[in-house]
Amino acid sequence: MRQKRVMILGAGVGQVPLIQKAKQRGHSTIVVSIPGPYPGFEAADQALMIDVRDRDAILAEARNLRIDAILTSQTDLPVPTAAYVAERLGLPGIGTDCAEKFTDKHLMRTLTEDCGAVRIPSEKVQSVEEAVRVSRKMAYPLVIKPLDNQGSRGVFKLESEADLLNRFSVAIEASFAGVVLVEEFFDAWEIRVDGVMSNGHFLQLPVGDIQDYDSPDLFIPQCLLYPSALPADLQQKVLGINSRIVETLRIPFGLTHAEYRVNTETGEVLFIEVGARGGGHFISSDLMP
C-alpha cells in the first residue's frame with residue numbers, strides 16, 4: 001500500500017505540530033515555503049522552496065507528486081492556495097469561494113453584518129487621499145489594516161490625521177491586493193474563540209483572553225489566558241455570534257479561529273475577523289490541541 005503524501009503549506013514553527021502529527025499517522029510530508037531558517041524544513045520528509053501564494057506552481061508540484069492531501073495551520077496566507085489546489089485535484093478542501101470569505105477582511109465583515117455584532121464605521125481604500133477623505137467622516141482614534149494579511153502586519157492605531165499620513169504607506173505595502181481598511185477603534189476586552197466544523201456540527205472551544213504588548217505600534221499578544229475571565233453571559237453572547245458568523249461563511253469542515261472585542265459595560269461585541277485555520281501563537285497546537 002502506497003504511503004499517503006500530505007502537502008503542508010508553511011514551514012514556520014506554527015506548522016511543525018501539523019507536520020509531526022501527519023508523520024505520526026504514517027504519512028509522507030512535503031512542506032512548502034519561501035527559503036528561510038524555518039524549522040518545518042527539518043521536520044518534513046521533503047521541502048519545496050515556493051511562495052505559498054504561488055498557487056499554480058504549487059498545483060504543478062502537487063500534481064507531479066500525486067499528493068493525497070493539502071492543508072495548513074496557524075497562518076492565513078496559504079488558505080486560498082490550499083483550497084485552489086484541492087479543488088483542482090479533487091481532494092478534500094473548503095473551496096476557493098469559502099477561502100476568499102475567510103481571508104478578505106472587508107468581504108468577511110460585509111457578509112456577516114446581520115450576525116449580531118456591533119457595526120462600526122469601516123471603509124476600504126487604495127490611496128492615502130481616499131484614506132484621508134473617509135477618515136474625516138469618522139472619529140479618532142482609528143485603525144488601519146491591510147485587507148488581506150495576517151499577524152498584525154501593517155496594522156496601526158491612529159490618534160490623528162498626521163498618524164494616518166505617516167502610517168498609510170506601511171499599511172498598504174503590507175496588503176497583497178493594495179487595499180487598506182480604515183475604521184474606528186473599538187476599545188474593549190479582547191478575546192479569541194476557536195472552533196471545529198465537522199459533519200455539519202460546529203463545536204466551539206473555550207473562550208480565551210488576550211493581552212497585547214503595551215505599545216502604540218504593536219497589536220501582538222504578550223499573553224493568552226484560557227479560560228477567559230469575561231463574564232459568563234457575555235461569553236455565551238460571543239459564542240452565539242461566532243456560531244452564526246461561521247455558519248454564514250459556510251465552511252464545510254476544519255478549524256476556525258476568531259477574534260472579538262467586548263464592551264463589558266454595554267454588552268456590545270465587535271467582530272474583528274475569523275480565519276479558516278487553527279489559532280496562531282501556539283493556540284491550536286498547545287493551548288487548544
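This is a predicted model: local features need pLDDT of at least 70, side-chain atom pairs count only at pLDDT 80 or more; totals for chains, interfaces and linings use all residues.
**Entry 1: α7 and α8**

Then I listed who makes the contact. From α7 I wrote down Val 128, Ala 131, Val 132 and Ser 135. From α8 I wrote down Glu 161, Leu 164, Leu 165 and Phe 168.

**Entry 2: α8 by itself**

Next I checked the length of α8, residues 161-173. With 13 residues at 1.5 Å a residue, α8 should span 18 Å. I found its end C-alpha atoms 19 Å apart, which agrees. The helix is kinked, though: I noted a kink of about 45°, centred on Arg 167.

Which residues of α8 are buried? I found Leu 164, Phe 168, Ala 171 and Ile 172. I reminded myself that an α-helix has 3.6 residues a turn, so residues three or four places apart point the same way.

What covers the buried residues of α8? The cover includes helix α7 (128-135). It also includes the strands β5 (122-125), β6 (142-146), β7 (156-158) and β8 (180-184).

**Entry 3: cis peptide bonds**

I moved on to the loops. Tyr 140 and Pro 141 are joined by a cis peptide bond, with omega about 5°. I placed Pro 141 in the loop between α7 and β6. Tyr 226 and Pro 227 are also joined by a cis peptide bond, and here omega is about -5°. I placed Pro 227 in the loop between β12 (221-225) and α9 (232-249).

**Entry 4: positive phi**

Then I looked at backbone angles. Arg 66 is not a glycine, yet its phi is positive, about 55°. I found Arg 66 in the loop between α3 (55-65) and β4 (69-71). Is Arg 66 buried or exposed? Its relative accessibility is 54%, so I counted Arg 66 as exposed.

Phe 282 also has a positive phi, near 70°, and is a residue other than glycine. I found Phe 282 in the loop between β14 (269-275) and α10 (283-287). Its relative accessible area is 39%, so I wrote Phe 282 down as partly exposed.

Notes
Residues are numbered from 1 along each chain as its sequence is written. Side-chain values use heavy atoms; hydrogens and water are left out. Helices (H or I, at least four residues) and strands (E, at least two) are DSSP runs, numbered from the N terminus. The expected span of a helix is 1.5 Å times one less than its number of residues. The bend at a residue is the angle between axes fitted to the seven residues ending there and the seven starting there. Buried means under 20% relative accessible area, exposed over 50%, partly exposed in between (1.4 Å probe, protein chains only). Contact means heavy atoms within 4.5 Å.
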